[in-house]
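Here is a short briefing to read with the model open beside you.

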Amino acid sequence: MTPYIDYMTDITPAELYDGFVGHGLFANKIPNFLSSESFLAYTKTATFPNQNNERDYVRYSNMRNINVLRPLAIPDPFAYANLCKFLSSNWLTIVDHFRNKTSTETHKVSRIHIRKLFNGNSLFEMNYKNFYMDAEPQQDLIIKSKYVAHADVATCFPSMYSHSISWALVTKQFAKTNRGQGLWFNQIDFKTRNLKFGETNGLLIGPHASNLISEIILTSVDHELVNSGFKYIRNIDDYTCYTSSYEDAERFILSLSEELKKYELVLNSKKSKIISLPKADVKNWVTKLNHFNFTNTYVSPNGTEGIRVKELKGFFDFAIELMLEEGCDVSIINYAIQIISGKYLAFSAKNYYIKQIHHLVLLYPYLINLLDEYVFQAHSIDVTIIEKIAKDIYEYGIRTKIYEACSYAIYYALKYNFDLQIATIKTDSIQSNDCVFMLLAFRIDKKHQQASYLQEYKIHARLLKSTDFQQYWLYIFEILPWTEHSGEYRHMKRNGITFIKTGF
């Protein structure tokens with residue numbers, strides 16, 4: 001097992017800055033048409049403003065697997081880069097914090113955190129796993145255990161108190177005694193607040209720097225629990241503790257609650273539970289899906305396993321039954337789609353499959369952001385079919401006001417080079433006031449319409465600029481010419497910086 005601290009010391013201060021600013025500004029749940037790589041290069045060559053004032057941020061709603069929306073954020077780029085610059089400058093001191101807080105761990109408690117990845121320059125990926133480095137401590141922890149306690153933090157990132165960053169780094173007493181002194185730990189607090197209009201409550205969900213800051217606090221909680229003798233693992237804010245008695249499991253939940261309170265965090269009481277062992281060490285539906293018996297398969301021309309229509313229907317009926325049994329947890333269908341992405345589907349099977357997926361994404365919009373990688377690309381779906389699905393997704397999004405769906409429909413049209421032929425895109429997007437939706441709508445209309453048709457987008461950008469620039473900075477920056485910007489945005493635009501990837 002690789003110790004927690006080794007993941008941190010493996011990252012240099014320069015790599016931390018590059019990873020966060022160049023590859024961690026935009027949440028990966030946003031349609032993949034944005035990039036901050038040119039902005040990263042700009043911050044290294046231009047006179048970089050020392051942004052010390054509060055900034056608002058772009059709002060974006062992402063559908064979760066339980067069919068409720070999660071608020072994501074795109075921070076002001078300059079305020080974000082200044083935070084990342086300061087984190088980079090103090091990275092070695094922050095690493096010492098992680099070293100001190102994890103030195104007594106007999107296994108790596110935190111399973112999801114920033115790290116170097118093998119598949120890109122980003123420093124964070126939610127579902128990234130490396131068995132060789134991370135190992136699987138659960139099997140060792142379970143040996144002498146009779147119970148397992150599950151608990152998680154209620155609305156973790158939105159509830160994190162910015163002053164608690166300093167409390168975790170240097171203790172609450174020292175931080176309170178040295179408030180307003182301009183010390184490094186207070187500066188992290190201050191620059192974090194600047195991303196959220198000066199508010200002390202809540203970290204932005206999406207920017208990768210938030211994942212580092214949350215670990216500063218949660219590893220401090222870990223330190224106390226580990227030193228109390230508890231054996232557990234943590235996935236961001238989701239705790240699983242193995243105990244020899246029911247009383248110890250109760251004591252863990254109580255101790256966790258007490259430690260979280262020190263940082264103004266609370267447990268989600270609805271999700272706290274104690275289960276008697278033995279039990280499956282992974283979710284039961286994962287095991288069932290992985291062991292589904294595909295009978296009568298064949299070897300495809302490219303050497304992969306081919307699935308026939310009958311077996312495919314049986315598999316999806318089974319997956320849907322499991323989903324309903326688990327209270328409509330759509331992550332089950334997500335997992336089923338990923339399993340099928342590795343199979344070969346001939347004409348009849350592919351025809352059934354794409355119609356089933358078309359049906360499911362209109363019932364469960366959580367699945368929409370899986371389509372490109374695990375369906376369209378994995379099964380070489382014809383563009384005419386993608387176009388039909390995109391139109392239906394768009395109409396669904398307008399009807400339900402789930403503008404993430406509209407954004408993905410336009411993203412697919414841009415990526416696969418077709419015209420949605422929906423005359424109301426401009427009006428729909430402007431009326432939504434959804435920053436990402438409006439920007440994508442502008443991009444597709446720019447591709448298919450005359451320049452005069454785009455004037456309404458610019459008029460709306462000017463209106464937003466005069467009333468609420470920071471909540472719509474990305475849209476306004478990309479829509480208006482440099483002559484209509486001021487300050488650092490004017491300089492950045494004049495230097496040809498864009499946050500839109502080539503081809504979009």
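Predicted model: local features only at pLDDT ≥ 70, side-chain atom pairs only at ≥ 80, totals over all residues.

Residues are numbered from 1 along each chain as its sequence is written, and side-chain values use heavy atoms, with hydrogens and water left out. Helices (H or I, at least four residues) and strands (E, at least two) are DSSP runs numbered from the N terminus.

**Helix pairs**

- Two packed helices are described by the angle between their axes and the distance between the axes.
- The axes are lines fitted to C-alpha atoms, for helices over the stretch in contact, and angles run from 0 to 180 degrees between N-to-C directions.
- Angles under 35 degrees count as roughly parallel, over 145 as roughly antiparallel, 65 to 115 as roughly perpendicular and the rest as oblique.
- A crossing is left-handed if the near helix is turned anticlockwise from the far one by less than a right angle, and right-handed if clockwise.
- Contact means heavy atoms within 4.5 Å.
- Ala, Val, Leu, Ile, Met, Phe, Trp, Tyr, Cys and Pro count as nonpolar, Asp, Glu, Lys and Arg as charged, and the others, Gly among them, as polar.

*Helix 19 and helix 20*

- Helix 19 (residues 383-400) packs on helix 20 (residues 403-415) at about 155°, and their axes are 7 Å apart.
- The two are therefore roughly antiparallel, and their crossing is left-handed.
- Helix 19 brings Ile-386, Ala-390, Ile-393, Tyr-394, Tyr-396, Gly-397 and Ile-398 to the contact, while helix 20 brings Tyr-403, Ala-405, Cys-406, Ala-409, Ile-410 and Tyr-412.
- Sorted by class, the residues of this contact are 12 nonpolar and 1 polar, with no charged residues.

*Helix 21 and helix 22*

- For helix 21 (residues 425-432) and helix 22 (residues 435-448), the packing angle is about 160° and the axes lie 8 Å apart.
- This pair is therefore roughly antiparallel, with a left-handed crossing.
- On helix 21, Ile-425, Lys-426, Asp-428, Ser-429, Ile-430 and Ser-432 meet Phe-437, Met-438, Ala-441, Ile-444 and Asp-445 of helix 22.
- The contact of helix 21 with helix 22 has 6 nonpolar, 2 polar and 3 charged residues.

*Helix 4 and helix 12*

- Helix 4 (residues 77-89) and helix 12 (residues 209-227) pack at about 45°, with 11 Å between their axes.
- That angle makes helix 4 oblique to helix 12, and the crossing is left-handed.
- Tyr-80, Leu-83, Cys-84 and Leu-87 of helix 4 make the contact with Ala-209, Leu-212 and Ile-213 of helix 12.
- The contact of helix 4 with helix 12 has 7 nonpolar residues, no polar and no charged ones.

**Burial and cysteines**

- Buried means under 20% relative accessible area, exposed over 50%, and partly exposed in between (1.4 Å probe, protein chains only).
- In helix 2 (residues 13-23), Leu-16, Tyr-17, Gly-19, Phe-20, Val-21 and Gly-22 are buried.
- Their cover includes helix 3 (37-45), helix 4, helix 5 (91-102) and helix 12.
- With a disulfide taken as a pair of cysteine sulfur atoms within 2.5 Å, the count comes to 0 disulfides.
- Cys-406 is in no disulfide, and the nearest cysteine sulfur, that of Cys-435, is 15 Å away.
- Cys-406 is buried at 0% relative accessibility, whereas Cys-328 is partly exposed at 32%.

**Backbone features**

- Most residues other than glycine have a negative phi, and most peptide bonds are trans.
- The Leu-277 to Pro-278 peptide bond is cis, with omega near 5°, and Pro-278 sits in the loop between strand 6 (273-276) and helix 14 (284-290).
- Thr-171 has a positive phi, near 85°, in the loop between helix 9 (163-170) and helix 10 (172-177), and is partly exposed at 47%.
- Asn-417 also has a positive phi, about 60°, in the loop between helix 20 and helix 21, and is exposed at 53%.

**Two more residues to look at**

- Lys-458 is in helix 23 (residues 455-468) and is partly exposed at 23%.
- Leaving aside neighbours within four places in sequence, Lys-458 is in contact with Ile-479 and Leu-480.
- Thr-502 belongs to the segment after helix 25 (487-494) and is exposed, with a relative accessible area of 83%.
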